[in-house]
Amino acid sequence: VDWIALQVTLKLAVCTTSILFVLGLPLAYWLAVARWRGKLLVEAVVALPLVLPPTVLGFYVLAATGPYSFLGRGYESLTGGRLPFTFPGILLGSVLFNLPFAVRPFASAFAAVDRRLVEASWCLGVSRSVTFLRVVVPLSWPGLLTGLVLTFAHTVGEFGVVLMVGGNIRGVTRTLSVAIYDDMQALDYEAAGQTAAVLVALSFAALCLTYALQRRVSSL
Amino acid sequence: VAAAADLQFALDEVIRAFEKEHPDIRAKVTYGASGNFFAQLSNKAPFDIFFSADAGYPRKLVEEGLADKDAEFPYAVGQIVVWVPNSSKLDLDKLGIKAVTDPSVHKVAIANPRHAPYGRAAEAALKKLGVYEQVKDRLVLGENIAQAAQFVESGAADVGVIARSLTLAPAMRDKGRSWLVPADAYPPLKQAGVVLSWAKDREAANALRTFVTAGKGRSILKEHGFQLPGE
């Protein structure tokens with residue numbers, strides 16, 4: 001079993017989930033409450049990664065971050081480094097790819113919150129941000145949790161984007177799914193089987209844990 | 001037809017010439033990593049003929065009883081080059097293999113040595129020419145040799161150690177410069193093919209084999225940067 005690849009995978013999943021929690025919450029809240037006609041365009045953009053194959057995303061990420069692009073040159077002049085074949089590079093791909101898996105459950109959870117409770121809170125003189133944190137978030141917690149778990153699980157299972165922009169570097173961009181593919185191609189079925197079994201066990205345990213948590217949270 | 005990724009452009013042209021000579025045959029080619037094809041063919045993937053980038057895989061298929069002994073044939077010897085895009089400032093003629101150790105180089109693309117023959121050749125050459133230790137942390141691994149070429153063609157990697165055949169293809173020919181890695185720096189990339197025992201159209205597969213090993217196919221492969229067996 002490739003423990004280093006497991007570490008990379010977990011790091012990628014934790015980072016992706018944290019970033020999408022921070023960025024996804026305000027975006028999802030806006031999607032849930034905004035009454036703007038053009039909103040459907042934003043919704044469509046958020047949902048795009050659900051429909052597009054990872055190769056499309058990988059293609060664009062590689063093209064956009066390479067040294068011939070405007071973005072790639074900007075990043076290089078700011079940081080002195082480049083995004084392709086680095087951990088931040090696959091993290092960028094992963095965040096984009098997982099956007100709908102976080103934002104959509106967040107948004108539907110927010111939309112299900114009774115508006116009257118929110119307005120009551122405002123009328124009682126509580127500020128919007130405090131209302132959001134103390135009324136909206138606790139009420140929509142099961143939905144938020146679902147979004148986080150989906151994002152985490154989906155990142156663990158990510159393959160195409162990482163293969164296209166990662167460059168398969170041990171300890172940096174070689175995730176479990178890429179390591180299994182590598183073992184398969186090197187005809188090392190034993191290693192592939194072991195790593196695959198670890199991944200199945202881990203994913204199963206993580207999902208059981210979340211369903212259990214979800215049940216407790218929603219029965220509170 | 002299952003074909004190694006280094007044949008991507010050469011074989012397209014071979015097939016065009018082949019179909020002109022045999023108007024009744026249509027060949028459909030799938031390109032990929034040889035190791036991948038081997039795993040698929042071990043599970044009886046529906047291909048009639050397999051052009052590997054390595055003589056080992058066809059040999060193993062014969063040993064496993066998935067092809068007859070006389071169905072195996074050598075067809076080319078691959079070469080590797082150090083390649084940089086036109087925008088690179090590296091002077092390959094002067095630097096040779098030392099180009100990969102230049103401080104301006106962040107990433108060097110090769111195919112994955114664990115399962116791609118060209119990756120093994122590149123790794124062997126870097127070791128033999130004494131630059132491997134300096135360059136090993138800069139290596140990025142393509143899933144097959146075509147992806148390694150794409151990494152450097154797109155500028156995402158600065159230098160590639162890749163198949164000469166790919167750098168002579170129209171998509172790359174005018175976009176960069178290359179330095180031929182001396183043949184004694186790596187074990188020869190003997191490429192072989194095999195006609196599978198479950199070939200649906202054995203006659204057509206054999207016709208393609210003959211075309212590549214004895215017919216016009218030879219000169220086309222040569223133009224595309226392959227050496228020929230026995231030359």
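User: What do the numbering and the limits of the model rest on?
Analyst: Residues are numbered from 1 along each chain as its sequence is written, and chains are lettered from A. In this predicted model local features need pLDDT of at least 70, side-chain atom pairs count only at pLDDT 80 or more, totals for chains, interfaces and linings use all residues, and side-chain values use heavy atoms, without hydrogens and water.

User: Which order do the strands of the open sheet have?
Analyst: Helices (H or I, at least four residues) and strands (E, at least two) are DSSP runs, numbered from the N terminus. Two strands pair if DSSP finds at least two bridges between them. In chain B, five strands with mixed pairing form an open sheet in the order β2-β1-β3-β10-β4. Its edge strands, β2 (30–32) and β4, each pair on one side only.

User: In which sense do β3 and β10 of chain B pair, parallel or antiparallel?
Analyst: Antiparallel, over three bridges; Phe50(B) stands opposite Val194(B) in β10(B).

User: Which residues of β7 of chain B are on each side?
Analyst: In a regular strand, side chains alternate between the two faces of the sheet. Here Leu139(B) and Leu141(B) are on one side, Val140(B) and Gly142(B) on the other, and all are buried (under 20% relative accessible area, 1.4 Å probe, protein chains only; exposed is over 50%, partly exposed in between).

User: Why does Gln79(B) count as buried?
Analyst: Because its relative accessibility is 10%. Gln79(B) is in the loop between β4 (72–78) and β5 (80–85) of chain B. Contact means heavy atoms within 4.5 Å; leaving out residues up to four places away in sequence, Gln79(B) touches residues including Tyr118(B), Arg164(B) and Leu189(B).
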